[in-house]
There are 2 protein chains.
Amino acid sequence: MGKEVIGLDTLTLRPVGYVRSPYQQPREVPRGPGAQHSAEGVLEILPEFEAGLKDIEGFSHLFVIWAFDRSEGFELVGTPPTDDRPHGVFATRSPRRPNPIALTVVELLRRDGARLHVRGVDMLEGTPILDIKPYLSGVAPEHLRRGWLDEAEARAANARG
Amino acid sequence: MGKEVIGLDTLTLRPVGYVRSPYQQPREVPRGPGAQHSAEGVLEILPEFEAGLKDIEGFSHLFVIWAFDRSEGFELVGTPPTDDRPHGVFATRSPRRPNPIALTVVELLRRDGARLHVRGVDMLEGTPILDIKPYLSGVAPEHLRRGWLDEAEARAANARG
């Protein structure tokens, strides 16, 4: 079983697979304004969960929910690499979160059994995968406001002249 | 602490808040082809995590990661309400997942202290919130393939004439 509830207030999760990534260390992952995530990697699903991949190859993009397994503790307010000002953790993608879970959208290139070859990994080698979901629709750019990130990018663009 | 690692292979999470939703029972949540999620609700963050909301009000949309706390066990292959054919759990949004975690994109209407008023809830009243992240960008519709879901919708449209 992948789920075990202890008491009423906690939820225990376990990996359904692991990421094969070109990145071994956090500093290798592109970060900051304009960072591109075009790295290819593999989502290796454990054999016991492979049946759950049926028909996933029809989707071009996937949500991957994964664990920040090399992050310690959390910081409610911190300064992200994309800015020089502090913001609340729920307004950033910081790994130092109350629950150390992460979300990445990847492009599915092909499926090879229990191995999903994807583009857009920003995880480290060996990262535990908690869940995969199909990407069904996005919010159009013209409907998005991105708060401090837009402001930081505008300041950075001005500073560059 | 919101994180506690037990051994190497499990991750224990706890709620950072709870959803106030108009839906009391699963059958009340719109499902199936063309379901619209325009219901308004509130994400109530626990007082100890309120500082983590700093600057979140600048974002129009948020990812909410939450727990399917009323789901039991999992099913690797099942038939979703949007189709009459079975698909793998990682190719659906079924609540009966190896790790019972869910992802919803909501529109942030306003913040009132630790209460985020949002549009687009599909959670039940009292659902535990595990994390909130800013929505930064989406995949353009012209780049998306949606596998069995597109096929099921096409069949449904043909059946309607």
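How many residues does helix α1 (residues 147-160) of chain A have, and how far does the helix reach from its first C-alpha to its last? The helix has 14 residues and reaches 21 Å. The legends below describe a predicted model, in which local features need pLDDT of at least 70, side-chain atom pairs count only at pLDDT 80 or more, and totals for chains, interfaces and linings use all residues. Residues are numbered from 1 along each chain as its sequence is written, while chains are lettered from A and ligands numbered from 1 in the order in which they are written.

**View 1. Overview of chain A.** Chain A contains 1 helix and 10 strands; helices (H or I, at least four residues) and strands (E, at least two) are DSSP runs, numbered from the N terminus. From the N terminus on, the order of the elements is β-β-β-β-β-β-β-β-β-β-α. The C-alpha trace spans about 55 × 40 × 35 Å along its principal axes. Of the 161 residues of chain A, 36% count as buried. A residue is buried if 20 or more other C-beta atoms lie within 10 Å of its own, exposed if 12 or fewer, and partly exposed in between, with C-beta atoms placed from the backbone. Among contacts between residues at least 6 apart in the sequence of chain A, 70% join residues at least 24 apart; two residues are in contact if their C-beta atoms, placed from the backbone, lie within 7 Å.

View 2. The 21 Å reach of α1(A) is close to the 20 Å expected at 1.5 Å a residue, the expected span being 1.5 Å times one less than the number of residues. Just after α1(A), G161(A) takes a positive phi of about 80°. In chain B, α1(B) has 13 residues and reaches 19 Å, close to the expected 18 Å.

**View 3. Strand β5 of chain A and its partners.** Strand β5 (residues 61-67) of chain A is mostly covered, with 6 of its 7 residues buried. Antiparallel to β5(A) runs strand β8 (residues 101-112), joined to β5(A) by 7 bridges; strands pair if DSSP finds at least two bridges between them. Here W66(A) stands opposite A102(A), and V64(A) has T104(A) as its bridge partner. Strand β10 (residues 128-134) of chain A is also antiparallel to β5(A), with 5 bridges, and I65(A) stands opposite D131(A) in β10(A).

**View 4. The hairpin of β8 and β9 in chain A.** β8(A) is joined by 5 bridges to strand β9 (residues 115-119) of chain A, and the two run antiparallel. The bridge partner of E107(A) is R119(A) in β9(A). The two strands form a hairpin with 2 residues between them, and G113(A) in the turn has a positive phi of about 65°.

**View 5. The surroundings of R20(A).** R20(A) lies in strand β3 (residues 17-20) of chain A. Because R20(A) has 18 C-beta neighbours inside 10 Å, this residue counts as partly exposed. Apart from neighbours within four places in sequence, R20(A) is in contact with G41(A), V42(A), E44(A) and E125(A). L116(A) is 96 residues from R20(A) along the chain, and their C-alpha atoms are separated by 10.0 Å.

**View 6. The largest nonpolar core.** This core has 69 residues, and those with the most contacts inside it are W66(A), L130(A), V64(B), W66(B) and L130(B). A nonpolar core is a set of buried Ala, Val, Leu, Ile, Met, Phe, Trp, Tyr and Cys residues joined through C-beta atoms within 7 Å. Not counting residues up to four places away in sequence, L130(A) touches residues including I65(A), W66(A), N99(B) and I101(B).

**View 7. Where chains A and B meet.** 56 residues of chain B are in contact with 56 residues of chain A. β10(B) gives the most to the side of chain B that touches chain A, with 5 residues. Across the two chains, 3 bridges join strand β2 (residues 10-13) of chain A to β2(B) in an antiparallel arrangement, and T12(A) has T12(B) as its bridge partner. The copies meet through the same surface, because 100% of the interface residues of chain B are also interface residues in chain A.
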